[in-house]
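Q: I would like to learn how to read some features of a protein model. Could we go through them one at a time?

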Amino acid sequence: MYLILSTTVSADFKELTGELRLHDPTIIQEGNTWWAFGTGEENGIKVVTSTDGHYWSQTPSLFPQALPWWSDHVPNFESHQWAPDVQYYNGRYWVSYSVSSFGSNNSLIGLTSTESIASGNWRDDGLVIKSTTADNFNAIDSDIVIDENGEPWMSFGSFWSGIKLTKLDPHTMKPIGPLYSIATRPNHPEHAVEAPNITYRDGYYYLFVSFDRCCRGLDSTYKIAYGRSENITGPYFDKNGVDMMHGGGTILDAGNERWVGPGHQDVYDNRIIIRHAYDAENNGEHRMLINDLYWDGNGWPTY
């Protein structure tokens with residue numbers, strides 16, 4: 001399994017060095033530099049960067065101080081922000097992020113953007129969507145995807161009634177349409193599906209999600225599942241033809257003896273997949289893992 005970050009750099013994920021502790025990672029390339037964002041360990045969103053694809057170093061976090069408007073919607077939010085997503089669109093790098101408290105759906109998805117990640121000149125783009133305890137969804141774990149016509153959408157969701165999708169205004173990147181439901185697990189006792197990521201390839205939209213429980217170290221049961229659809233709004237079917245609204249999802253990665261609970265994946269450019277897992281050889285420490293993503297003869301993802 002190899003990571004190809006450019007035409008001149010390749011490395012097995014086990015060979016990555018430096019600051020690899022990144023939970024809920026998302027990745028992008030700006031010029032010759034790679035950036036990965038993840039859930040903060042203390043305050044804000046954690047950021048790591050690499051110029052060669054091998055050695056990763058930590059840079060200043062996003063939101064070292066909380067934005068004042070967060071508490072208007074989520075009074076008891078935690079100091080670290082969760083599950084960012086980075087996407088380049090319309091001349092800007094957009095990072096969406098979650099503000100919440102663990103186990104609650106009193107949550108919001110916020111947005112920040114910049115013309116250059118390296119510049120550090122981030123603009124606060126405010127609230128995208130929120131949920132309250134009166135809603136049957138959770139506004140966290142966002143993912144921005146650009147459809148085949150160049151239009152932006154956002155998927156999000158965690159537990160409750162599952163994964164949602166909404167179209168975004170291409171100028172404001174705020175919702176302009178209804179909420180679509182695209183994946184849930186009605187027969188699972190906890191409805192444990194979250195962390196959506198959608199990518200478009202050769203006539204299909206591929207929806208990747210994380211099943212089961214994260215964030216329990218070596219007791220985590222996280223795993224990555226997927227399905228696909230000809231329409232971004234679904235329905236998404238797995239390899240066995242089961243609708244993801246009925247609990248379907250083909251497992252891509254359920255971990256192994258060393259790497260436990262892989263999940264909160266992000267697919268970049270249809271050729272790279274990043275996710276976190278817990279290292280059984282290092283006391284269950286969380287670590288980002290990166291691999292090439294391949295596609296079989298029937299157009300299904302593998303690695």
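**Strands, burial and rings**

A: Begin with a strand pair: β20 and strand β21 (residues 272-279) run antiparallel and are joined by six bridges. Strands here are DSSP runs of E with at least two residues, and helices are runs of H or I with at least four, numbered from the N terminus; two strands pair if DSSP finds at least two bridges between them. This is a predicted model, in which local features need pLDDT of at least 70 and side-chain atom pairs pLDDT 80 or more, while totals for chains, interfaces and linings use all residues. Residues are numbered from 1 along each chain as its sequence is written, and side-chain values use heavy atoms, leaving out hydrogens and water.

Q: Which residue stands opposite I272 in β21?

A: Y268 stands opposite I272.

Q: In what order do the strands of this open sheet lie?

A: The order is β20-β21-β22, with antiparallel pairing. β20 (259-268) and β22 (285-292) are the edge strands, each pairing on one side only.

Q: How is a pair of aromatic rings described?

A: By the distance of the centres and the angle of the planes. Rings of Phe, Tyr and Trp (its six-membered ring) pair if their centres lie within 6.5 Å; planes under 30 degrees apart are stacked, over 60 edge-to-face, the rest tilted. The count here comes to 16 aromatic pairs. W82 and F102 have ring centres 6.1 Å apart and planes at 70 degrees, so this pair is edge-to-face. W82 lies in strand β8 (residues 82-89) and F102 in the loop between β9 and β10, so the pair ties together parts 20 residues apart in sequence.

Q: Is F102 buried or exposed?

A: Buried means under 20% relative accessible area, exposed over 50%, and partly exposed in between (1.4 Å probe, protein chains only). F102 counts as exposed because its relative accessibility is 59%, whereas W82 is buried, with a relative accessible area of 11%.

Q: What angle lies between the planes of Y206 and W300?

A: The planes are at 85 degrees and the centres 6.4 Å apart, an edge-to-face pair. Y206 lies in strand β17 (residues 204-211) and W300 in the loop between β23 (294-295) and β24 (301-302), so parts 94 residues apart in sequence are tied together. Y206 is buried at 1% relative accessible area, and W300 counts as buried at 9%.
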